[in-house]
Amino acid sequence: MTDSKQPVLEDDTKEPMTLMVEHRFPWLAVGLVGGIGLTLLASNFEELLSKNLALSYFVPVIVYMASAVGQQTDIVYIRNLNKKRTHFLVYLAKELLLCGLMGLLFGSLIGLFAYFMFQSTAISISVGLAMAVTMGIAPFISLTVPTILKKVHKDPAVGTGPFVTVIQDFLSLLIYFLIATVIIF
């Protein structure tokens, strides 16, 4: 008999394809809806992007780096969460410090690259600061979502990736465009 308070963890080697689709489809649908939302969000910054096309070149790397650091955080955390070897606040503090430092490092690097590529201090600062901030906050999202999923008895390994990705992508774009708007306008 299984404990009803524990999430049902998938075993893809044993589960029928229909059950795998049933468990994964809703999370991917959230991603699709989120992607549509991201498109709508970006369209609200059309004036900014049309006046500074170079800003659009950095969208993929800013979104990717925040997602990548978030994935590193949540994959290790989920592994430890399932082994019951976590203390949320200690883990969160360590990850915020680590990813904050990584954000500063990578933000500086991408900011320098942007400056040398476009000779624009405003673009350089916008890109570098956005990278630092988005990488710095990624652990909060990446740790909160699987913790909540586990508490509501859902498998964090299935739901965390798509849900965290759409939240992180949304925040990354919003932060980047708001920073660029403040600095450039």
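## Terms and basis of the model

Contact here means heavy atoms within 4.5 Å, and on that rule Ser 126 touches Leu 55, Tyr 176, Ile 179, Ala 180, Ile 183 and Ile 184, not counting residues up to four places away in sequence. Ser 126 is found in helix α6, where helices (H or I, at least four residues) and strands (E, at least two) are DSSP runs numbered from the N terminus. With a relative accessible area of 0%, Ser 126 counts as buried, a class that means under 20% relative accessible area, with exposed meaning over 50% and partly exposed the range in between (1.4 Å probe, protein chains only).

This is a predicted model, in which local features need pLDDT of at least 70 and side-chain atom pairs count only at pLDDT 80 or more, whereas totals for chains, interfaces and linings use all residues. Residues are numbered from 1 along each chain as its sequence is written, and side-chain values use heavy atoms, with hydrogens and water left out.

## Overall architecture

The secondary structure of the protein chain consists of seven helices and zero strands, so that the order of elements from the N terminus reads α-α-α-α-α-α-α. Taken along the principal axes, the C-alpha atoms fill a box of roughly 65 × 35 × 25 Å. Of the 185 residues in the protein chain, 41% are buried, and among contacts between residues at least 6 apart in sequence, 80% join residues at least 24 apart.

The protein chain exposes about 10,600 Å², of which carbon and sulfur atoms supply 71%; accessible areas come from the Shrake-Rupley method with a 1.4 Å probe, and for residues only the protein chains shown count as cover.

## Nonpolar cores

A nonpolar core is a set of buried Ala, Val, Leu, Ile, Met, Phe, Trp, Tyr and Cys residues joined through side-chain atoms within 4.5 Å. The largest such core has 27 residues, and those with the most contacts inside it are Leu 55, Phe 58, Ile 62, Ile 123, Val 127, Tyr 176 and Phe 177. At least two residues of this core come from each of α1 (17-43), α2 (46-51), α3 (53-57), α4 (59-82), α5 (88-118), α6 (121-151) and α7 (156-184). Apart from it lies another core, of six residues, among them Trp 27, Val 145, Leu 149 and Val 158.

Once its neighbours within four places in sequence are set aside, Phe 177 is in contact with Ala 42, Phe 45, Leu 48, Leu 49 and Val 59. In soluble globular proteins, nonpolar side chains tend to be buried together.

## Aromatic pairs

Rings of Phe, Tyr and Trp (its six-membered ring) pair if their centres lie within 6.5 Å, and planes under 30 degrees apart count as stacked, over 60 as edge-to-face and the rest as tilted. By this rule the count comes to nine aromatic pairs. The rings of Phe 58 and Phe 113 have centres 6.4 Å apart and planes at 75 degrees, so this pair is edge-to-face. Because Phe 58 lies in the loop between α3 and α4 and Phe 113 in helix α5, the pair ties together parts that are 55 residues apart in sequence. Phe 58 is buried, with a relative accessible area of 3%, whereas Phe 113, at 46%, counts as partly exposed.

A further edge-to-face pair is that of Tyr 77 and Phe 88, whose ring centres lie 6.5 Å apart with planes at 70 degrees. This pair links distant parts of the chain, with Tyr 77 in helix α4 and Phe 88 in helix α5, eleven residues apart. Tyr 77 is buried at 1% relative accessibility, while Phe 88 is partly exposed at 25%. Ring pairs also link Tyr 57, Phe 58, Phe 113 and Phe 118 into a cluster.

## Surface features

Leu 98, Met 102, Leu 105, Phe 106 and Leu 109 form a nonpolar patch on the surface, with about 430 Å² of accessible area together. Patches are made of residues with over 30% relative accessible area and no salt bridge, like charges being joined within 9 Å and nonpolar side chains (Val, Leu, Ile, Met, Phe, Trp, Tyr) within 5 Å. Phe 106, found in helix α5, is partly exposed, with a relative accessible area of 31%.

The structure holds one salt bridge, a term for a side-chain nitrogen of Lys or Arg within 4 Å of a carboxyl oxygen of Asp or Glu. The side chains of Lys 51 and Glu 47 form this bridge at 3.2 Å, N to O. Both residues lie in helix α2, four residues apart, about one turn of the helix, and both Lys 51 and Glu 47 are exposed.
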